[in-house]
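Here are my notes on this structure. Keep the model open as you read.

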Amino acid sequence: MTTIETNRLIVRPFRPDDWRDLLGYLSLPEIYAFEPGEPVDAEQARALADERSRGRVFWAVELRAERRMVGHLYFHRVEPAELQTYELGYIFNPGDQGRGYATEAARALVGHAFAMMGAHRVIAQCNPANVASWRVLEKIGFVREGLLRGYFDLRGRRVDNYLYALLRSDWRAQIGSSEA
């Protein structure tokens, strides 16, 4: 894993000492409105940060100016590997939402995946009621490809998910048009 810097953010591997910032938002019940799981305590946050610091799936998103983690990205290769497809997800601290951090971080990581990781396609899923999440995806050029009905079990209730995708060719077209 590498570190990706934007104007305001550092997208980087997790560190064990990220547990305090992780606790700051994963302990909040509202985080789980569209996500599986339940609020974590300090011990669980420590374990999660430690586990994530040894893996290659979760990326910490840190404010450059404050050196404070405001959220994280989930990014992994979908099997089989020859598909060159990755899946994107994200969770951000509610106190830091609405400032474009998720959009900026996701755009940077997806661009890195296309430019440096050989990605052909990046997919993402979100609950149709999670308007903020699917707006992030659309802002960075993802296309809604479908509705997966009753796809996801969220605390014993089947919920729908939108499926989004962005192709490397779409990304290149966006980059080309933004440089013009």
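1. First, a term. A residue counts as buried if its relative accessible area is under 20%. By that cut-off, W134 and Y162 are both buried. Bear in mind that this is a predicted model.

2. Look at strand β5, residues 85-92. Eight of its eight residues are buried. T85, E87, G89 and I91 point one way from the strand. Y86, L88, Y90 and F92 point the other way.

3. Which strands pair with β5? Strand β6 (residues 121-126) runs parallel to β5, and four bridges join the two.

4. Turn to the rings. The count of aromatic pairs is five. One of them is F75 with Y86: the ring centres are 5.2 Å apart and the planes lie at 10°, so this pair is stacked. F75 is in β4 and Y86 is in β5, so the pair ties together parts eleven residues apart in sequence. Both residues, F75 and Y86, are buried.

5. How are the rings of W134 and Y162 arranged? Their centres are 6.2 Å apart and their planes are at 80°, so the pair is edge-to-face. W134 belongs to helix α4 and Y162 to strand β8, so this pair ties together parts 28 residues apart in sequence. Ring pairs link W134, Y162 and Y164 into a cluster.

6. Finally, check two arginines. R144 lies over the face of Y162, 3.7 Å from the ring centre. R52 lies over the face of F14, at 5.6 Å from the ring centre.

Conventions
Residues numbered from 1 in each chain as written. Predicted model: local features only at pLDDT ≥ 70, side-chain atom pairs only at ≥ 80, totals over all residues. Heavy atoms only, no water. Buried < 20%, exposed > 50% of the residue type's maximum accessible area, 1.4 Å probe, protein only. Pairing = 2+ DSSP bridges. Phe/Tyr/Trp six-rings, centres within 6.5 Å; stacked < 30°, edge-to-face > 60°. Lys NZ or Arg CZ within 6 Å of the ring centre and 35° of its normal.
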